[in-house]
Amino acid sequence: MPKDSDQKEPKDERAPDVPEETVRKKVRANTPSPHRGNSPQASPPKFVSVEELMETAKGVTNMALAHEIMVNQDFQIKPAEPPEGSLERQVKEIMHKAFWDCLETQLKEDPPSYEHAIKLLAEIKETLLSFLLPGQGRLQARIEEVLDLPLIQQQAENGALDIGHLSQFIVGMMGSFCAPCRDEDIRKLKEITEIVPLLKAIFSVLDLMKVDMANFALMSIRPHLMQQSVEYERNKFQQFLEKQPNALDYTEKWLEETVKCLKESDEEGCGAAELASPIRVHNRAYLRLLKWDHASVPFPETVLMDQVRFQEMQQELERLVLLSSVLLIVYTTTGEAISGLPGLMETLKSSVGAMLADMHMPSFNAQEAFATIGEKLCVELSCCLSRHGFSPFSADGSSALKGQISAVIQPDNKVRALMDSRVQTYLLAVLESSQHRTPPPLPGGLTPISKELTKLAVGFSRLVNFNKLVYSPFYQKILQNILTPGESLSTVT
């Protein structure tokens, strides 16, 4: 039988988490080429051979896979399956059908021919032995005893081979090795009585068990991979940089513009050295990634592998800002009448959140959506006020609330700007406090979105901290050229 799972390495795909995958596909579909337009002055082009180019591409691919394993806690290996209707899938199905038809023909001969069947048993034996852990000597001895290939060969030659008995033993061993999620598959195997369909199903389940074992091993060693992964990714990027000396151009521009923004704003009256300290520059630089113009501004090379993640966070952040803005308007407009009503906040939040779920889709009409939100919230608030003995909204009150909610779609809206500023302040505080393990307090008005914002902040901080670990030597070197000689340069962490 063709060993698909052995001949091809599993693709670096993720487990099907539907909501996240849907967002990720939308983002990828709308993300332009990251290095198009607005190019900074680069080094002269360096000509490389095809071999060097292929070697570099392979190194980048391996680096991207190692990076994905570390930063994506839900990363899982999946069986490699050709797309439905593709030529590769059609060829695979034809070849497999021909193989199993040939096996069935051999077993129906008189006397039966067991040449292919014995090869399958040898392959199954090898797979079962690969599932064993150190110290499982008794199971190994049992497998070696029952699936003794020379003995099986002799039995076949003498017409005494009982493949059905061997298949049932194999199914039983699979049941002792498999993950709980495969118990149903094992139960179905026990119900199959025909030899060829049973062997075919056995190989199908074994392929799934191989993937399960690989994912289990990955989950077990992930906590021990951090330091090795940091060094591996840094070395791979250094090798890439040696072949492409201009591979940090956009990173340099990103950091230069951050320093410039810090010096121009000087919001807190800080000194020049404090404003442009490496840690401050970096935290602000990472925060700028959540305000990035992905359509026209190239993404920095050192964070390019995480561009989709940063863009997803940016979109979620925009949604949370609008959600918190609407809720703040509702509660400041209605006052104490609804402030203590149980469950009302979650009801309003759920209603607004549902309307904003597709806000980054091309078909989303912001003006219509916020008009609908205003109408719906006015109805819900009037019903709620009436149930609790308060006077319902007046026509003027409803009109004023709808107008304030509709105004939130404007980028310069004061309420929206206020909530955006508070969210940015909170995320910056999270980055600054990450070394102290003490979460910063939540700014006022963000309590309704505290759960979502905290989850986003944790993911953002984890991504940033890993990036700092990997690329801090490169950042330090860049900042040495950016910062003035009189300014100190501490470690970028």
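Is tyrosine 471 buried or exposed? Tyrosine 471 is buried, with a relative accessible area of 1%. Buried here means under 20% relative accessible area, exposed over 50%, and partly exposed in between, with a 1.4 Å probe and protein chains only.

A word on the model. This is a predicted model, where local features need pLDDT of at least 70, side-chain atom pairs count only at pLDDT 80 or more, and totals for chains, interfaces and linings use all residues. Residues are numbered from 1 along each chain as its sequence is written, and side-chain values use heavy atoms, with hydrogens and water left out.

Helices are DSSP runs of H or I, at least four residues, numbered from the N terminus. Phenylalanine 474 counts as buried too, at 8% relative accessibility.

Now the rings. A pair of aromatic rings is described by the distance of the centres and the angle of the planes. Rings of Phe, Tyr and Trp (its six-membered ring) pair if their centres lie within 6.5 Å; planes under 30 degrees apart count as stacked, over 60 as edge-to-face and the rest as tilted. By this rule there are 13 aromatic pairs. Take tryptophan 254 and tyrosine 286: centres 5.7 Å apart, planes at 70°, so edge-to-face. Tryptophan 254 sits in helix 12 (residues 249-265) and tyrosine 286 in helix 14 (residues 278-288), so the pair ties together parts 32 residues apart in sequence. Tryptophan 254 is buried at 1%, and tyrosine 286 is buried at 0%. For tyrosine 471 and phenylalanine 474, the centres are 6.0 Å apart and the planes at 50°, so that pair is tilted. Ring pairs link Phe237, Phe240, Trp254, Tyr286, Tyr471, Phe474 and Tyr475 into a cluster.

Next, a helix pair. Helix 15 (residues 307-334) packs with helix 16 (residues 344-356) at about 135°, axes 10 Å apart. Axes are lines fitted to C-alpha atoms over the stretch in contact, and angles run from 0 to 180 degrees between N-to-C directions. That makes helix 15 oblique to helix 16 (under 35 degrees is roughly parallel, over 145 roughly antiparallel, 65 to 115 roughly perpendicular, the rest oblique). The contact (heavy atoms within 4.5 Å) includes Arg319 and Leu322 of helix 15, and Leu344 and Lys349 of helix 16.

Last stop, cysteine 102. Cysteine 102 lies in helix 4 (residues 87-107). Cysteine 102 is partly exposed, at 33%.

Definitions and conventions
Helices (H or I, at least four residues) and strands (E, at least two) are DSSP runs, numbered from the N terminus.
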